[in-house]
Amino acid sequence: MELPKRQAEFDPVEYAKRNYGHIMAEDRTIIHHMAHHIRRMPMRRAERVADVGTGPNLYPAMLMSALVADEGSIDLIEPGEPSLQFLETLLYTQTGIYYGRDSDGREQSIDTRALWPKFSNLITITGRHVAFTNTYLRTRLLADCIPGDIFELPEKHYDHASSFFVAETITDDEAECALAIRSLVSCVRPGGTFFVGMMVGNEDWPADEIVRFPVARLTMPDVRQMFDDIPEAYRTDIRFISGPTNRTRSGYSGMALAIGTRTP
Ligand SMILES: C[S@@+](CC[C@H](N)C(=O)[O-])C[C@H]1O[C@@H](n2cnc3c(N)ncnc32)[C@H](O)[C@@H]1O
């Protein structure tokens, strides 16, 4: 797969520290709504789920791990080499310490495992169901990271799938962003659930302190229209989560969280 330059420039160390070094208010709210939804679904029965464009963010997969059977699997699908290495370090190495370089070529490191216990605790407390216990360890046991592209997902393959802050950050073309969301919905088997998080109002997003990527600048009506235009997306609940935190700077107003079912 030809890797777009922006994914190769992505700095997972700075990104992970900035976004997941502590739990931001928006992520708390997303965890609350996802856990509430998942609690009403059949727990620990899914054979395979996917998180697409995982980057260094494990918490969507951790939430979905409550749905996955003990012998099931979680695919963390990601095209960017630095993010894949971050995930490989987290899942497969002894130390969990990832070494990378920032955009100036300076060496830096992060303990990829230190970020997630606080999310795991929050998910346990918020989830109020035994299936939400130890989701961090469960995810490490069940997950594999896989090189892949949101536009090339297998049709009707996954019991459930999630994608957070991906489609709108791949491109500044709204139509291409909508195609990415459609592809995500299509990879879910009929009756399965998709969970999508999107940033609203952004003009760009910082990959690190220096590099900024253009994004599709979305409003909530844009997001609603995108899901309305996907015939396979059924009963999609879309809510706005306002964003007081400094996740990105230009025009950012908050998140859209879409949770829906894939029709046959
Ligand atoms: C803003 S980051 C979001 C990362 C993570 N999901 C999170 O919640 O923080 C965007 C991610 O999308 C990935 N990405 C970019 N193009 C992609 C594509 N065509 N298919 C899947 N993922 C892609 C990037 O490599 C990066 O990890």
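Which residues does Leu76 touch, not counting residues up to four places away in sequence? Leu76 touches Asp51, Thr54, Leu58, Ala61, Leu87, Leu91, Ala143, Asp144, Cys145 and Ile146, where a contact means heavy atoms within 4.5 Å.

## About the model

This is a predicted model, in which local features need pLDDT of at least 70 and side-chain atom pairs count only at pLDDT 80 or more, while totals for chains, interfaces and linings use all residues. Residues are numbered from 1 along each chain as its sequence is written, and side-chain values use heavy atoms, with hydrogens and water left out.

## Overall build

The protein chain holds 10 helices and 11 strands; these are DSSP runs (helices are H or I with at least four residues, strands are E with at least two), numbered from the N terminus. The radius of gyration of the protein chain is 17 Å, close to the 18 Å that the globule rule gives for 264 residues, so the chain is as compact as a globular protein of that length. That radius is taken over C-alpha atoms, and the globule rule is 2.2 Å times the number of residues to the power 0.38. Along the principal axes, the C-alpha atoms fill a box of roughly 50 × 40 × 35 Å.

Of the 264 residues in the protein chain, 58% are buried. Here buried means under 20% relative accessible area, exposed over 50%, and partly exposed in between (1.4 Å probe, protein chains only). The accessible surface comes to about 11100 Å², and 49% of it belongs to carbon and sulfur atoms; the areas come from the Shrake-Rupley method with a 1.4 Å probe, and for residues only the protein chains shown count as cover. Among contacts between residues at least 6 apart in sequence, 75% join residues at least 24 apart.

## Nonpolar cores

Back to Leu76: together with Ile30, Ile38, Leu63 and Trp116, Leu76 has the most contacts inside the largest nonpolar core, which has 53 residues. A second, separate core of 31 residues includes Ile150, Ile181, Cys187 and Val200. A nonpolar core is a set of buried Ala, Val, Leu, Ile, Met, Phe, Trp, Tyr and Cys residues joined through side-chain atoms within 4.5 Å. In soluble globular proteins, nonpolar side chains tend to be buried together.

## Salt bridges

How many salt bridges does a search of the whole structure find? The search finds nine, each a side-chain nitrogen of Lys or Arg within 4 Å of a carboxyl oxygen of Asp or Glu. One of them joins Glu14 and Arg18 at 2.9 Å, N to O. Both residues lie in helix 2 (residues 12–20), four residues apart, about one turn of the helix. Glu14 counts as buried at 14% relative accessibility, and Arg18 counts as buried at 14% too.

Asp237 and Arg239 meet in a salt bridge at 3.1 Å, N to O; Asp237 is partly exposed at 35%, and Arg239 is partly exposed at 31%. Elsewhere, salt bridges that share partners join Asp102, Asp104 and Arg106 into one network. The Asp102–Arg106 pair meets at 3.0 Å, N to O, with Asp102 buried at 16% and Arg106 exposed at 51%.

## Around Gln108

Gln108 sits in strand 4 (residues 107–111) and is buried, with a relative accessible area of 18%. Its side chain makes a polar contact with the side chain of Asp11 at 3.0 Å. Such a contact is a pair of N or O atoms within 3.5 Å; within protein, one must be able to donate a hydrogen and the other to accept it, and residues adjacent in sequence count only if both atoms are side-chain atoms. Not counting residues up to four places away in sequence, Gln108 touches Asp11, Val13, Tyr98, Tyr99, Gly100, Arg101 and Asp102.
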